[in-house]
Amino acid sequence: MKIDNTTYEVDLSDGKCHAIYVWEAPVRVWHWLMVVTMVTMIVTGYLIGRPLSSNMADTWQTYQFGYIRMLHFIAAFAFTGLFIYRIFWAFMGNRYARQIFLPPLWSWKFIKGIVNQALYYLFIKKSAPEYAAHNPLAAVAMFAFFVLGSFGIIITGFALYGQAFGAGTGWETLTGWVIPLFGDSQAVRTTHHALMYVFCLFMVAHLYMASREDIMGGATEMSAITNGLRMFKHAK
């Protein structure tokens, strides 16, 4: 069995069953922790934008909004730490660990793989090649929606968080440039909220792609993020 060095396409022409150790333990643990933090941020972020109730009683009776904000902040700090850790592991891990940060868009074979995979997901093509890690479409989606989306939601979120500390603080030094870049704080808030919906769409698409490949493809996609192994059963 051969694996293409650029696209990670797997040659299954020998017709044998193969197992490839793709996702290392640090990546698998990171993945599930990210799921928890993302879901927490999405739920609490939505409730911050659309509060459950107005403060029509004593503060101590309606402090649930404070707890929601606290959970959102805790999840945001955890998310940021995990994102930084994932960048670190891209350098320390195996070759598959860095795929989502540097999709080889300079490769024509990779570009062709994106188109073919999209047609396959849309049920226009009956088959698509197998890949050791993310297929080309998934790799580009991870980079565009997760990597760039994470960077955007982190800087806008911390810019809003830092407002409470005022001018002349460390938060202003770190994130004070974000609000002037967007024009005003409302534009930052709107962008941050819009990115939440981008993450929702990303999670739905990610789950669909992974489960569809497990059901209709020749490789074990869902279990790979649990035990790290991808099993390739047959050539398409």
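Mentor: In helix 1, the buried residues are V27, R28, W30, H31, M34, T37, M38, M41, I42, T44, G45 and L47. Buried means under 20% relative accessible area, exposed over 50%, and partly exposed in between (1.4 Å probe, protein chains only). Helices (H or I, at least four residues) and strands (E, at least two) are DSSP runs, numbered from the N terminus. The model is a predicted one, in which local features need pLDDT of at least 70 and side-chain atom pairs count only at pLDDT 80 or more, whereas totals for chains, interfaces and linings use all residues. Residues are numbered from 1 along each chain as its sequence is written, and side-chain values use heavy atoms, with hydrogens and water left out.

Helix 1 covers residues 25–49, and its 25 residues should span 36 Å at 1.5 Å a residue; the end C-alpha atoms are 36 Å apart, which agrees. The expected span is 1.5 Å times one less than the number of residues.

The partners of the buried residues of helix 1 are strand 3 (18–21), helix 2 (64–92), helix 4 (136–162), helix 7 (185–216) and helix 8 (224–227). Contact here means heavy atoms within 4.5 Å. M34 of helix 1 touches F79, L82, F83 and F146, not counting residues up to four places away in sequence.

M34 also belongs to the largest nonpolar core, which has 23 residues; M34, F79, F146 and F199 have the most contacts inside it. Such a core is a set of buried Ala, Val, Leu, Ile, Met, Phe, Trp, Tyr and Cys residues joined through side-chain atoms within 4.5 Å. Helix 1, helix 2, helix 4 and helix 7 are the elements that give two or more residues to this core. A second, separate core of 15 residues includes Y8, V22, Y96 and I225.

Of its 236 residues, 43% are buried. Among contacts in the chain with a separation of 6 or more, 68% join residues 24 or more positions apart. Along its principal axes, the C-alpha trace spans about 70 × 35 × 35 Å.
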